[in-house]
Amino acid sequence: HFKLTVVRRHRSWSKFMLLNYPTPISWQRFRAAKRDGTIPKDATIGGAVGIHGVPNHADSAIDRGDNWTAGCISLKTHHIDEIYPLCRNGTPVHILH
């Protein structure tokens, strides 16, 4: 469970919505995964994770499942265009998986 902290246009990905990651719960899960060996001891938690569009004419990267986002959630242009007007700082985001 996260919240949006920044909602803005982006020159490379059309639109970008920053999540408040890592949260205190994210840190707890991260530390537990390091302790139990699920992730390497030298792993870092990362940051600057958000939801964004794709570069111009690159919707096919999502269809192919390309792993280019470094942890972000990328959406096709028509999807990001649909949700962007509904998002503000503080909008809750629940990632289900």
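Which helix gives the most to the lining of the largest pocket? That's helix 1 (residues 24-35), with five residues; helices here are DSSP runs of H or I, at least four residues, and strands are runs of E, at least two, numbered from the N terminus.

Some ground rules before going on. This is a predicted model, where local features need pLDDT of at least 70, side-chain atom pairs count only at pLDDT 80 or more, and totals for chains, interfaces and linings use all residues. Residues are numbered from 1 along each chain as its sequence is written, and side-chain values use heavy atoms, leaving out hydrogens and water.

As for confidence, pLDDT (the predictor's confidence in each residue, from 0 to 100) averages 94 over the protein, and 100% of the residues score at least 70. Among the elements, helix 2 (residues 60-64) has the lowest mean, 91, while strand 5 (residues 92-93) has the highest, 98.

Of its 19 lining residues, Phe2, Tyr21, Ser26, Arg29 and Ile95 are the closest to the centre. The lining splits into twelve nonpolar, six polar and one charged residues.

Now the cysteines. Don't look for a disulfide (a pair of cysteine sulfur atoms within 2.5 Å): a search of the whole structure finds zero.

How values were computed:
1 Å grid on protein atoms, 1.4 Å probe; cavity = no way out; pocket = protein on both sides within 12 Å on 5 of 7 lines; lining within 4 Å. Nonpolar A, V, L, I, M, F, W, Y, C, P; charged D, E, K, R; others polar.
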